[in-house]
Amino acid sequence: MSSSTAAPGTSPIADAAPLSLCAREPHVPADRLVGEMVPPPRFDSVRFGTYLPDPNQPSQTEAVRVLEGFAAGLGGAHASGAGTVRRGFLGFGRSKAQKAPAGPRGVYLDGGYGVGKTHLLASLWHATPAEPALKAFGTFVELTHLVGALGFQQTVKTLSGHRLLCIDEFELDDPGDTVLVSTLLGKLVEAGVALAATSNTLPGRLGEGRFAATDFLREIQGLSAHFRALRIDGEDYRHRGLPEAPAPYSDERVAKAAYATAGASLDDFPHLLEHLARVHPSRYGALTDGVRAVCLTDVQAVPDQSTALRLVVLADRLYDREVPVLASGQPFDRLFSEEMLKGGYRKKYFRAISRLTALARDAKDLVPSD
């Protein structure tokens, strides 16, 4: 399609035809993977003060209090640069006359999707008194991709000088990667790096995948004693008091919006799913570089679990970057089959539905009036 084929009545017209995610095949150098280990754009400005605890859920207020104290305790010199200061556990330098901090020096945020765990984890990163280069923030998937790009030993060397490593959505459903990352964290603990994490749920667990502390602490094995688990109760804040996601639009209206929005992409959903299979998930963030809105036609249920898991990663990257999503076809709550929503990866799928629903609400202002 070109700008000359835009539907009549579209105004204003963007300077160029919409972008196409399917036409992009980004290549991401390893140094970019390291440099991007910071809270995503959606969480640039979050702080503990901007987290709004549900007054009916006291555990949320308690989590803020504990994390503020944890961040304040990370103000000492890193172990590797402490000179004559004796190294304390997880990098809390102390002189011989100083008493080591008591209790676990890692935190694990335990709660269902949408209770604000990522907001709190990012707030911890921002509140930790250290230069950004001495703090790292990424998802479990991004961390495994970093190991794949740099190699295990180089990843240890790269991260061991950090004051804090925050890991969002620690993947408990892949035994191989869980062992890999647990071994990596063990090395970083020895180097004096403080840890903070959230996680998903192991396959087959009951309770709708809401709480995973027992699973997490068991799977990281030797590191479990070093974590304090903070349970955060509550409902998905994205749906708290908000209307349901807008119904899908027609193909024509989605196309009009794509042509009327500078920096928008326009793709057929089944073709996009095929393209995602050809792009490594570590590059999905780069796939959306410069994209200000994603417009999709013919959204339909994903055909299999591998495709569904790739879509989850893309949904996470779009949500992180606050990219609105406008779509035709089926509504987002019908993306995944009943079998998928009852299976081991259900928490990922519910998170994807929740995030895409939020992005669909953000996209409603893109639709041109008739």
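Here are some questions and answers on how the terms apply to this predicted model.

The model is predicted, so local features need pLDDT of at least 70 and side-chain atom pairs count only at pLDDT 80 or more, while totals for chains, interfaces and linings use all residues. Residues are numbered from 1 along each chain as its sequence is written, and side-chain values use heavy atoms, with hydrogens and water left out.

Q: How many helices and strands does the chain have, and what makes a run count as one?
A: The chain has 13 helices and 8 strands. Both are DSSP runs numbered from the N terminus: a helix is H or I over at least four residues, and a strand is E over at least two.

Q: How do you know that the length of helix α2 agrees with its number of residues?
A: The expected span of a helix is 1.5 Å times one less than its number of residues. Helix α2 (residues 58–72) has 15 residues, so it should span 21 Å; its end C-alpha atoms are 22 Å apart, which agrees.

Q: What covers the buried residues of α2?
A: The cover includes β1 (106–110), α3 (117–127), β3 (164–170), β4 (194–199) and β5 (227–231). Among the buried residues of α2 are Ala 63, Val 64, Leu 67, Phe 70 and Ala 71. An α-helix has 3.6 residues a turn, so residues three or four places apart point the same way.

Q: Why is Gly 69 called partly exposed?
A: Gly 69 is found in helix α2. Its relative accessibility is 45%, so Gly 69 counts as partly exposed. Gly 69 and Leu 124 are 55 residues apart in sequence and 9.8 Å apart in space, C-alpha to C-alpha.

Q: Which residues have the most contacts inside the largest nonpolar core, and what makes a set of residues a core?
A: A nonpolar core is a set of buried Ala, Val, Leu, Ile, Met, Phe, Trp, Tyr and Cys residues joined through side-chain atoms within 4.5 Å. The largest has 62 residues, and Leu 120, Leu 124 and Phe 336 have the most contacts inside it. Its largest share, 8 residues, comes from α11. Another core, of 29 residues, lies apart from it, with Val 28, Leu 143, Val 156 and Ala 197 among its members.

Q: What is Leu 124 in contact with, and what makes a contact?
A: Contact means heavy atoms within 4.5 Å. Leaving aside neighbours within four places in sequence, Leu 124 is in contact with residues including Phe 48, Leu 67, Phe 70, Val 107 and Ala 196.

Q: Why is Ala 122 called buried?
A: Ala 122 lies in helix α3. Its relative accessible area is 0%, so Ala 122 is buried. Not counting residues up to four places away in sequence, Ala 122 touches Pro 39, Phe 43, Val 46 and Phe 137.

Q: Why is strand β7 called largely enclosed?
A: In β7 (residues 293–299), 6 of the 7 residues are buried, so the strand is largely enclosed by the rest of the structure.

Q: Which strands pair with β7, and what makes two strands a pair?
A: Two strands pair if DSSP finds at least two bridges between them. Strand β6 (residues 264–268) is joined to β7 by 5 bridges and the two run parallel, with Ser 265 opposite Val 294 in β7. Strand β8 (residues 325–329) pairs with β7 in the parallel sense over 4 bridges, and Val 299 stands opposite Gly 329 in β8.

Q: How do you know that Thr 178 is buried?
A: Thr 178, found in helix α6, has a relative accessible area of 1%, so Thr 178 is buried. Beyond its neighbours within four places in sequence, Thr 178 is in contact with Phe 140, Phe 170, Glu 171, Leu 172 and Glu 219.

How values were computed: Buried < 20%, exposed > 50% of the residue type's maximum accessible area, 1.4 Å probe, protein only.
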